[in-house]
Amino acid sequence: MRWSVLLVVFGLSMPVTAQDDTMPIAAWSRTAAIEESAGSLAERGRAVYNNWCDACHRNANQNAPGTRSLQFKYRGELPAALEEREDLTPELVEFYIRNGIATMPFYRKTEISDADLAAISAYLASD
Amino acid sequence: MPNPPPGLSERQFRNALTQLEEIVGREWVFHTDEDVALYRDAYSPLWGEDEERHASAAVAPTSVEEVQDIVRVANEFQLPLYPISTGRNLTYGGSAPVYSGSVVLDLKRMNRILEVSERDKTCLVEPGVSYFDMYRYLRQNNIRLWVDTADPGWGGLIGNALDRGGGYTGTDFRDHFDAHCGMEVVLPTGEVVRTGMGANEDATTWQLFKYGMGPWVDGIFSQSNFGVVTKMGFWLMEEPEVAKQVSITVPRREDAIALVDILHSLMCDTTIPSQTSVSSPVMNGSNDPELVRLRSSGGASDAEWNAYAQSVGRPFWSAGFVLYGAEKVVDSQWEHIRDRMSGIAGVQFNETVTHRFPLTDDEVEAAPNKARFGIPSLNLFGSRNAPGQQPSEGHLDFSPMIRPRGEELIALYDLTGKIYADYGLTPSPAIGMMFHARTMICFHPVPTFRNAADNQRTRALFETLVTSCGERGWNIYRIHAHFQELGMSLFDFNDHALHRLHERLKDSIDPRGVISAGRYNIWPRHLREDDA
């Protein structure tokens, strides 16, 4: 399956190279303002997720503090990587983004807007 | 809806918010309880207590003109504003105002990289630009320059520089305020000024020459409340051919004296270009009873410590740094460093990694000490480190500065180890960081919690650390908003003459007292106890 999204980088729209879903996103390609109309909600959610969540919750990254923490918390009963979870409801995603947990702070709406939050939920709920 | 700022009626507050909505649009003025709560300090040592600082609202502009209009409204209503850039100043107060009831001026939406000059090795950015943003821009555009990043990559270049934060790479770049060159400031009256060469509209050197002509005023906009900085220029580091990360270990506690003296010399003569960290693999070990006893003792002897070091089979000190440059130059520097250190009995030299640039995406991902190579990350954030362990909830940064002397490093951690133990907490890891060649900044995390009882102990511990170290001349360089009055009180030469100067500047530059009241204990006249 292929995907592509449009990111708005400092006012300049530029296409991100289409990649396999299995291909990890390079560390440097995270973080950018996300164009409101880019792709489907889930596709946009992936871009928002990469922007704000991936640095801590990256799949299979021993340095990612969020993934590492959830490994210890769930001890294999649930996947440590959020993108592998199948039980994340929009309410749960919203709760943690707006309330934080442990050292993870909450996010302001100038960082993750309500629309971005809905997109992240759609992405994490998608296959 | 939160309470109005002190001194404003509900009607005045609503009128002020209506005017702010006309400037930025209704979507970008936040005044519901739910939205305003997102501006709390996530690591507040006062979480949930009456004294916790809260915003009354927030407003998020996208341009300098909107900032000017907001400041004019603030003057009309005497509405206290609290500017933040990316708002991620965690451990120092986050995005919560110092003066409760202030309206947060959230500059995150001003996130444009206005210019990067590869030839001049400079950039000009707005306050919402994070280290992640700048790194991505450089990488995306194949620009062979580095931005020196704070530990958490979501921090902003401007906000971190103005709070005088630091990083890890070359000498000209890792003191983030020192690495800036030129700024644009909206003064508390709404007037815009540009500093340095930016005051000359035809100058081609705004980001190249700091001083311009006449008094250099940039410093008064750091750790202060004299304006809203809307643009800053920064110097960027040229990507080296290679970077060799190394460490040096010495076996005995007293070896810190020779080790730090030589490191200091090698940094002053520019052989070592990077931040240098001196930590103790022995003192930072597991919490076995003997280690706890030694660290809590307040002054165990070298003989006791060295016997313990031998029993656990670890060198007492380890110094880590990076050499940047052409490979043959770096190799010569490393050889010279080993020669200089060779007189310390038992010294060992370790080459951790040598990177050649540019890095591939996989190498970027795999690099464990990313910030030392200009790569932002969030990897320093804590996590559970064992199954079932409770994660930490936050921390404050207590970082006293000492002279670059091994004996002072030892004495500091003797003192603070006992203080932590007296409060029933595990002593801080021992690490002296030479952000500058001529001082060591010694990081001590102090845990914060989401409950009042534990936070009460945290505050008492923090205050004891500040005052006890202050009595020995080990002052701090930066401090959480709640403790800024305490921190500034230590700068007391001539009956606090410096503080009086700060207040006179405040009264002159911000006569209505609308910008960041109380930041670094600088209060406008109408909120000063002695003048109220």
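**Figure 1. Order of helices and strands in chain A of the predicted model.** Read along its sequence, chain A of this predicted model follows the pattern β-β-β-β-β-α-α-α-α-α, with 5 helices and 5 strands in the chain. Of the 127 residues of chain A, 40% count as buried. Among the contacts in chain A that have a separation of 6 or more, 54% are accounted for by residues 24 or more positions apart.

**Figure 2. Packing of helices α1 and α5 in chain A.** Two packed helices are described by the angle between their axes and the distance between the axes. For helix α1 (residues 41-52) and helix α5 (residues 114-125) of chain A, the axes come within 7 Å and cross at roughly 105 degrees, which makes α1(A) roughly perpendicular to α5(A). On the α1(A) side the contact is made by A:L41, A:A42, A:R44, A:G45, A:R46, A:V48 and A:Y49, and on the α5(A) side by A:D116, A:A118, A:A119, A:I120, A:A122 and A:Y123. Sorted by class, this contact of α1(A) with α5(A) has 9 nonpolar, 1 polar and 3 charged residues.

**Figure 3. Domains 1 and 2 of chain B.** The domain assignment divides chain B into domain 1 (10-106), domain 2 (113-238), domain 3 (242-357 + 400-476) and domain 4 (482-527). Between domain 1 and domain 2 of chain B, the C-alpha centres lie 24 Å apart, and the contact takes 14 residues from domain 1 and 18 residues from domain 2. On the side of domain 1 that touches domain 2, α3 (64-77) and β3 (81-84) of chain B each supply at least two residues, and α3(B) gives the most, with 6 residues. By class, that side of domain 1 has 7 nonpolar, 5 polar and 2 charged residues.

**Figure 4. Packing of helices α11 and α12 in chain B.** Helix α11 (residues 406-422) and helix α12 (residues 452-471) of chain B pack at an angle of about 155 degrees, with their axes 10 Å apart. Because angles over 145 degrees count as roughly antiparallel, α11(B) is roughly antiparallel to α12(B), and the crossing of α11(B) and α12(B) is right-handed. In the contact, B:L415, B:T416, B:I419 and B:Y420 of α11(B) meet B:L461, B:T464, B:L465, B:S468 and B:C469 of α12(B). By class, the contact of α11(B) with α12(B) has 6 nonpolar, 3 polar and no charged residues.

Figure 5. Most residues other than glycine have a negative phi, and most peptide bonds are trans. A cis peptide bond, with omega about 5 degrees, joins B:F357 and B:P358, and B:P358 has its place in the loop between β15 (348-356) and α10 (361-366) of chain B. B:K121, in the loop between β5 (113-117) and β6 (122-125) of chain B, has a positive phi near 65 degrees although the residue is other than glycine; B:K121 counts as buried, because 20 C-beta neighbours lie inside 10 Å. B:T270, which is not a glycine either, has a positive phi of about 70 degrees and lies in the loop between α6 (255-268) and β13 (276-279) of chain B. With 11 other C-beta atoms within 10 Å, B:T270 is exposed.

Technical notes: Residues are numbered from 1 along each chain as its sequence is written. Chains are lettered from A and ligands numbered from 1 in the order in which they are written. This is a predicted model: local features need pLDDT of at least 70, side-chain atom pairs count only at pLDDT 80 or more; totals for chains, interfaces and linings use all residues. Domain bounds come from an automatic or database domain assignment. Two residues are in contact if their C-beta atoms, placed from the backbone, lie within 7 Å. Helices (H or I, at least four residues) and strands (E, at least two) are DSSP runs, numbered from the N terminus. Ala, Val, Leu, Ile, Met, Phe, Trp, Tyr, Cys and Pro count as nonpolar, Asp, Glu, Lys and Arg as charged, and the others, Gly among them, as polar. Axes are lines fitted to C-alpha atoms, for helices over the stretch in contact, and angles run from 0 to 180 degrees between N-to-C directions. Angles under 35 degrees count as roughly parallel, over 145 as roughly antiparallel, 65 to 115 as roughly perpendicular and the rest as oblique. A crossing is left-handed if the near helix is turned anticlockwise from the far one by less than a right angle, and right-handed if clockwise. A residue is buried if 20 or more other C-beta atoms lie within 10 Å of its own, exposed if 12 or fewer, and partly exposed in between; C-beta atoms are placed from the backbone.
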